Amino acid sequence: MTLTFTPSPEPIEHTTSRSFPILDILHPREHLRLIAVSGSLALGSAIVSRVVFNWVLWQAVALVLIVMAVPATIKWRSDARCFGRAAAVAGALVTLQGLHTVEHVTQWVQRHILHEPLRQANGLLSPANSEWIHFLWNWSVMIPVVYLMSKGMRGFWGWALFAWAFAHTLEHTYMFVRYIQVTRELHALGFDDVTAQGLPGIVGQGGWLDLSAGPKLQMICGFPGITTADRVDAHFTWNTGEILLAIPAVHIFLRTKVDAFRR
Amino acid sequence: MQRQMALVAGCLLLGSAVLWVVVSSSGVGSAGAVAPAPTSGPALATWTATDLVPGSCAGDVFVRHELAHTTRASDAPARLFDSNGSGVAADDLDGDGLADIVLGNLEGPNTILWNEGDWTFTAEQMNDRSTRTIQLVDIDADGRLDIVTTHRGAGVAAFRNLGDRSFEQVLVRGVNNPAYSMAWGDLDLDGDLDLVTGSYDAELDQQLRSTFLFSDGAGVFQYLDTGDSFEAERLAEDSQALVTALLDLDHDGLLDVMVGNDFAMHDMTWSNQGNGSLVPIEPFDRMAAHTMSIDAGDIDADGVDEIFATDMKPASTSLEVISEWLPLMATMDDLDNPADTQRIRNVLQVNQGDGTFKESGERAGLDSAGWAWSARFGDLDNDADLDLYVVNGMIAAETFAYLDGAEIVEPNITFVNHGDGTFGMESWGLDALESGRGSVLVDLDNDGRLDIVVNNLDSPAIAFENRKCGGAAIEFALKQPDTDNTHAIGATVTVVTGDQHLVRTVRSGGGYLSGTPTTLHIGLGDRTTEYVEIRWPDGATTTIDAPTSNTLYEVTRT
């Protein structure tokens with residue numbers, strides 16, 4: 001099957017409400033057919049790979065993401081032409097962080113509904129290697145957040161998103177470094193088949209704050225879950241918080257940018 | 001008629017006045033009779049009061065003394081259930097006023113360390129080995145504490161104290177089933193001591209093989225003292241009972257039974273209905289998956305005991321520690337089910353005062369203490385609240401073949417009570433790296449400060465001499481000489497210091513495989529004691545008004 005698509009060279013007038021430009025930027029618009037066909041193709045490929053070729057879940061999910069990267073890239077390039085690069089980056093940020101939140105909702109369901117062990121409640125993609133994926137992901141979020149701030153996404157929500165995303169990224173950086181170090185230690189002990197993934201980070205049960213914090217951090221540690229949440233709950237909170245901050249930050253930013261573009 | 005009534009009333013008044021004078025005049029070094037408590041059944045008692053003389057203090061320091069005893073396993077490094085080690089008990093066996101120490105052993109004989117004072121001990125080997133639990137209980141009601149032990153793959157043995165530091169092994173009639181853990185107390189309120197034992201079926205299976213497989217099995221047994229023998233009643237057919245405890249879980253004045261099981265077998269509890277009748281209950285929403293130790297203590301001074309149980313969870317997230325633990329933790333993933341009531345960590349059951357408990361180990365900061373064995377409550381700094389000392393470590397040739405000596409080396413942990421329901425870790429010179437198993441908190445030098453004795457595996461046992469500065473204390477040794485429970489196991493002492501009611505209970509044992517001294521230690525800080533209420537095992541009470549701090553009261557029921 002050959003997909004033909006010609007991006008519009010000119011900005012497109014929209015019919016959605018101007019009060020919610022975030023809906024404009026997330027709307028597939030003229031790419032609806034491309035996204036729908038690609039989505040169907042991706043899903044079909046994933047099912048075939050699972051059923052016929054016995055791929056594990058994360059491989060099938062990765063296949064879906066790779067297939068969908070093509071229409072997504074086309075759509076975002078189109079957004080860049082329609083609304084400007086910053087608006088396109090904002091749309092991509094909300095879309096991808098939204099998808100990432102789905103990963104953590106899945107983990108939460110695995111843990112609390114399906115009652116899977118903590119170290120096995122890894123979601124859809126993270127079984128590949130949760131530390132690498134979440135480390136790269138969070139830096140991938142941090143960079144566009146900083147970029148968007150440089151383009152004017154400031155104000156309360158912008159700064160709140162920046163602070164939250166930065167803390168979250170620090171958490172994953174700490175976890176990633178420890179993952180590398182512990183993997184090395186395990187290797188020295190003769191274990192190459194024991195994973196060091198899923199260890200606590202800075203916050204949460206068994207985390208650095210829980211076990212190492214001095215009296216100066218008593219106030220921080222007093223917040224519910226800061227030293228008691230397990231990894232699934234902690235990162236469910238991190239990511240839902242991040243998307244909940246990203247939506248108003250991007251919304252307010254886009255209202256300015258899109259309106260300015262239209263003017 | 002009126003004259004007779006007046007005569008009786010006069011005699012009553014005179015008697016009361018005499019009694020009041022006697023009580024009022026009693027004090028340090030003197031003896032007196034005690035007025036009965038106003039609210040419950042009265043019990044007359046006399047007491048002697050002896051000064052507790054604090055020696056030199058040296059800040060936040062415990063001084064380490066290596067003892068002449070090493071618990072040895074059959075192999076080095078230890079294999080299979082030898083890794084579980086042995087217990088320790090301490091109390092005054094020879095009547096010289098100093099607590100002696102009895103240390104269990106596996107491949108060698110147990111050791112009695114006779115306390116000669118000034119931190120010198122005379123070691124004497126016992127004709128007993130393969131020992132698990134050690135408790136010092138007066139089973140023949142002659143006023144002298146006897147030594148009772150349980151054994152690797154076997155049952156209970158008793159050594160009758162003949163005085164002058166000699167013992168003879170005696171048969172405990174009717175107590176015939178395999179026992180790993182045990183606890184003594186008056187379950188049926190008939191005035192004598194009954195026994196509950198729990199078996200460790202994994203070890204029995206490994207040692208006895210088909211003999212155990214095709215036997216009647218083991219499990220949890222209640223043995224009621226019927227005079228010349230014990231009458232057995234089986235409470236559970238299977239158990240992995242690393243620890244058995246008799247605690248008043250529902251605060252009704254009766255000892256209930258709690259059994260802590262290994263291998264993710266749920267802990268078991270029975271409520272005492274009186275007359276030795278036990279009914280299974282489930283008072284805990286959460287429990288440890290591998291309960292290795294149980295100790296009870298009123299950590300929040302609300303008059304009811306909290307319960308602490310140990311499990312295995314690394315106390316540190318250092319790279320070395322995590323790396324040592326991870327291969328094992330990976331095999332435990334299937335036990336990590338949030339829908340299950342069990343957790344692989346220490347649990348603190350906070351008594352709500354109505355027979356229910358709220359698990360608060362994480363909130364209290366007590367959920368992880370490494371491969372934790374014996375955990376004991378005691379006021380280590382005499383500040384009027386209970387601290388917690390946990391010994392830990394593991395040697396296992398199979399499980400930890402990848403480590404030097406097949407050993408997880410962990411420092412013992414001292415959890416200091418902050419007084420707000422949380423605890424913090426301190427060193428105080430107690431963070432020994434030996435692989436500890438049994439432990440007991442006891443005032444070995446009568447200075448009013450709790451010392452600690454730890455029975456290690458494959459390392460010498462250690463006594464930690466408490467030289468911490470500050471804080472007063474009061475101690476009580478209760479005696480019921482004309483009863484079958486001479487050391488008043490099950491009695492409680494409540495020290496009232498204005499805003500606080502500090503409650504301590506006489507128990508035969510606690511922690512892991514270990515005994516508990518019958519002399520109760522209560523730290524006071526700088527508080528003044530208004531009065532002390534002693535509740536004897538039968539519920540009768542005795543009150544001592546305004547007792548003196550830094551004093552040992554030996555209270556004898558008359």
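The model is predicted: local features need pLDDT of at least 70, side-chain atom pairs count only at pLDDT 80 or more, and totals for chains, interfaces and linings use all residues. Residues are numbered from 1 along each chain as its sequence is written.

**Exercise 1.** State which strands of the open sheet in chain B stand at the edges.

*Solution.* Start with the order: β38-β37-β42-β43 in chain B, with antiparallel pairing. Strands here are DSSP runs (E, at least two residues; helices are H or I, at least four), numbered from the N terminus. Two strands pair if DSSP finds at least two bridges between them. Now look at the ends. β38 (500-505) and β43 (541-545) of chain B each have a single partner strand, so one side of each is left without a neighbour in the sheet. Next, go inside the sheet. β37 (residues 492-497) and β42 (residues 531-535) of chain B pair over five bridges. In this pair, T492(B) stands opposite R535(B).

**Exercise 2.** Find the buried residues of helix α2 in chain B.

*Solution.* Buried means under 20% relative accessible area (1.4 Å probe, protein chains only). In α2 (residues 201-208) of chain B, D201(B), A202(B), E203(B) and L204(B) are buried. Their cover includes β8 (131-137) and α3 (210-213) of chain B. Contact means heavy atoms within 4.5 Å.

**Exercise 3.** Describe the contact between chain B and chain A.

*Solution.* Count residues: chain B gives 22 and chain A gives 22. Then count salt bridges (Lys or Arg side-chain nitrogen within 4 Å of an Asp or Glu carboxyl oxygen). Between chain B and chain A there are zero. Helix α4 (residues 319-331) of chain B supplies the largest share of chain B's side, eight residues.

Technical notes: Chains lettered and ligands numbered in written order. Heavy atoms only, no water. Buried < 20%, exposed > 50% of the residue type's maximum accessible area, 1.4 Å probe, protein only.
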